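Dear colleague,

I am passing on a structure that you have not worked with before, and my notes on what was found in it follow below. Please read them with the model open beside you.

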Amino acid sequence: MVLFSLLFIEPYYTSPKNVITNTIPLLLVFTAIRPTIVHVAVWYTAMACLLGLLILSLFSLALYDSDKSPDNLKNKLANRIKNWVVLVGQGKVLYSAVFGYFLLSNFSIQDSFVLCFFVIWFVVIAIDPKSLHNVFSIRKRKRSGEEIGEIFGVQSKKIFLAKLFDDRRSIKKFDVVCFRYSMQDAEGLVLTGIVFDTYLLNQEKWAKLLQLGNPTTSASTLVKNVVYKVTDKNECDKVSETLKVDSLVGVVVDGSNIGKIKFEYSKKVDDLQEGDLLELSVGKRSLFYQVVGGATQKERLEARNETGFVEGEAVQLGEWVGENLSFHKFGWVPSINTPVFKADTSNIDVRKFEYPKYTIGSIPGTSLPSVVDLDEAVSHHMALIGVTGSGKSFLAREIIDEISVDTKIICIDFNDEFISELSQAPIPVVSNSDAKDIAANIQWIIGEREKWPKDQSKSEISKRDLAINTNLQTEIEKFLDRDGNNVGVFELPDVSNTTGILDYTKRFFRAIFEVARDRQQKGTPAKICVVLEEAHTIVPEWNFAGTSDKTSQSLVNSIGQIALQGRKYGIGFLVIAQRTANVSKTVLTQCNTVVCFQAFDETSFNFLGNYVGKDIVQTLPNLKKYHAIVAGKAVESNMPLIVDLTRPT
């Protein structure tokens, strides 16, 4: 019983339940041999001790209340009783006492037989069960100081659960470990990985082990299912570098799909941010994902025990195709518990390119550019959306500088703040003298149309309408034919009422459309980009128009017509707005390339979600300054990207 207790029970646990299993057999034995006991006092003393241990063990179990804290008076008393009965009632104490008594009561101490048995008893007591295998094993093992625990469960091909030895509880996350697993198909395969996480449960410490890299074949001295910590610093550093431990972000978890992965976050240095680029392997392919969110989660262990962790989300960008300067989506989902790393793009060569290709920014934390085709951006219309100060006007000025080499740019900026900071000062598309003549004619027409129809001079109205349109078209033609400065500005004349301003603006846009159409038909097309700064003041949504007259609606319709048909005649829009809710959806929906800076309103989320996807649009409120979501026809990548537009100082 000393051997059985020492080798099979107490190395793993000792509790009042074990004391009960030790005392009951001895009570039965002492009851059966009562007639043979010479010293009655010894018998009664032994029975009293055994009964006392049995009663105290039962009392300790009954007294302990798991629903109350360890500081509760009843639980503190139960623990004290438990500690005492476990100390006295452990098998090697009880059975050793019985063994010694009967040996000495039946034989003489001088007998060599007794001496031999006492030597055997001493050897048995001196056995350390945890190192027993080391003592008697023929095969040489690694030194026991490197053993930290034993595998008792497997969660997947790469995740193993280990119970740590009592004297190895100082193990921490990201320690490098190696082990052999008994269920492997081949002998001699050594798995190397890290401690991914640790748990404290039922006064025991568990560790979740993550295999990194591929198994290696060697004549290993490691015992199967025993986990060893790599303690040599040089070896540890080498293994960490090979396994990319410092860049590990986490593992893929349940709920992932082709377009988006969820991952349990665990990083050595807590520096992951929204927009960062992640990398994982599916077969021989390297796939890239971009972080779009994170949330805290709970994981149930046993009974009422729980542990918390952070669950991140990242959308798939796909494989990087250097030839196309873009990511191409991959059509499958990675396996659960696949390791996820922070991407290292230092070994990716980016080929050189020229205009109309343009680097709008880079993937945050990397050297990979986000490239747009400015010809596509302008011809199919482009929208820059975001709150004040997010960086949209800065980007618009850069784009204007780039496209001005072969495109005529007309800026519609009624407060002159935007055009005042352009690198080259824009020239008025309509001269001041002509603008005054046009304004005077518009004012006369408005006044004439306010009269009764019978009192209106319809012929004069038609004559002045024709003069206004001819004048505007002539001025626009001059601007398009002018060499040198390709940036122009549409300035409002001194018109006394809102209706006159709207009518003048409407006529100007109609003239642009007609000039572009005529040039296309004559075989001398023009490339024109119309920049709508503060677009909500020019093409407002009906609910935000500020006036409900027909002139306002007619203006929006005119610009909407250009947005719908202008591409055929070389006219493109660059729309700059703070909120999508305030801008005409007829115009916005024609913008095939969108750059979304920080935004907070629900309308923008709903509208932009159709462009960039519901997953990535949730990042808009948290975007940093000069960070934006880029998506659309002109973007080289076929997936929406979070891009850093910060320029080097």
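This is a predicted model: local features need pLDDT of at least 70, side-chain atom pairs count only at pLDDT 80 or more; totals for chains, interfaces and linings use all residues.

Sorted by class, the contact of H2 with H4 has four nonpolar, two polar and one charged residues.

Helix H2, which covers residues 16–32, also packs with helix H5, residues 91–106, at an angle of about 20° and with the two axes 9 Å apart. That angle makes H2 roughly parallel to H5, and the crossing of H2 and H5 is left-handed. From H2, the residues Thr21, Asn22, Thr23, Leu26 and Phe30 meet Gly91, Leu94, Tyr95, Val98 and Phe102 in H5; by class, this contact of H2 with H5 has six nonpolar, four polar and no charged residues.

Helix H4 has a further partner in helix H3 (residues 40–63), and here the axes come within 9 Å and cross at roughly 145°. H3 passes H4 in a left-handed crossing. On the side of H3, Leu53, Leu56, Ser57, Phe59, Ser60 and Leu63 take part, and they meet residues of H4 including Lys74, Leu77, Ile81, Trp84 and Val88. The residues of the contact of H3 with H4 divide into ten nonpolar, four polar and two charged.

One residue of that contact can be followed in more detail. Leucine 77 has its place in helix H4, which runs over residues 73–89, and because its relative accessibility is 42%, leucine 77 counts as partly exposed. Although leucine 77 and leucine 63 are 14 residues apart along the chain, their C-alpha atoms are separated by 8.1 Å.

Some backbone details also deserve a careful look. Most residues other than glycine have a negative phi, and most peptide bonds are trans. A cis peptide bond, however, joins tyrosine 355 and proline 356, with omega at about 15°, and proline 356 is found in the loop between strand S14 (339–342) and strand S15 (357–362). Lysine 244, in the loop between helix H8 (233–243) and strand S8 (248–252), has a positive phi, near 55°, and at 40% relative accessibility lysine 244 counts as partly exposed. Tyrosine 626 likewise has a positive phi, near 65°; it lies in the loop between helix H17 (614–617) and strand S24 (627–632), and with a relative accessibility of 29% tyrosine 626 counts as partly exposed.

As for the protein as a whole, its secondary structure comes to 17 helices and 25 strands, and 47% of its 649 residues count as buried. Among the contacts with a separation of 6 or more, 66% are accounted for by residues 24 or more positions apart. The accessible surface of the protein comes to about 32,800 Å², and 54% of this belongs to carbon and sulfur atoms.

With kind regards

Note on methods: Residues are numbered from 1 along each chain as its sequence is written. Side-chain values use heavy atoms; hydrogens and water are left out. Axes are lines fitted to C-alpha atoms, for helices over the stretch in contact, and angles run from 0 to 180 degrees between N-to-C directions. Helices (H or I, at least four residues) and strands (E, at least two) are DSSP runs, numbered from the N terminus. Angles under 35 degrees count as roughly parallel, over 145 as roughly antiparallel, 65 to 115 as roughly perpendicular and the rest as oblique. A crossing is left-handed if the near helix is turned anticlockwise from the far one by less than a right angle, and right-handed if clockwise. Contact means heavy atoms within 4.5 Å. Ala, Val, Leu, Ile, Met, Phe, Trp, Tyr, Cys and Pro count as nonpolar, Asp, Glu, Lys and Arg as charged, and the others, Gly among them, as polar. Buried means under 20% relative accessible area, exposed over 50%, partly exposed in between (1.4 Å probe, protein chains only). Accessible areas come from the Shrake-Rupley method with a 1.4 Å probe; for residues, only the protein chains shown count as cover.
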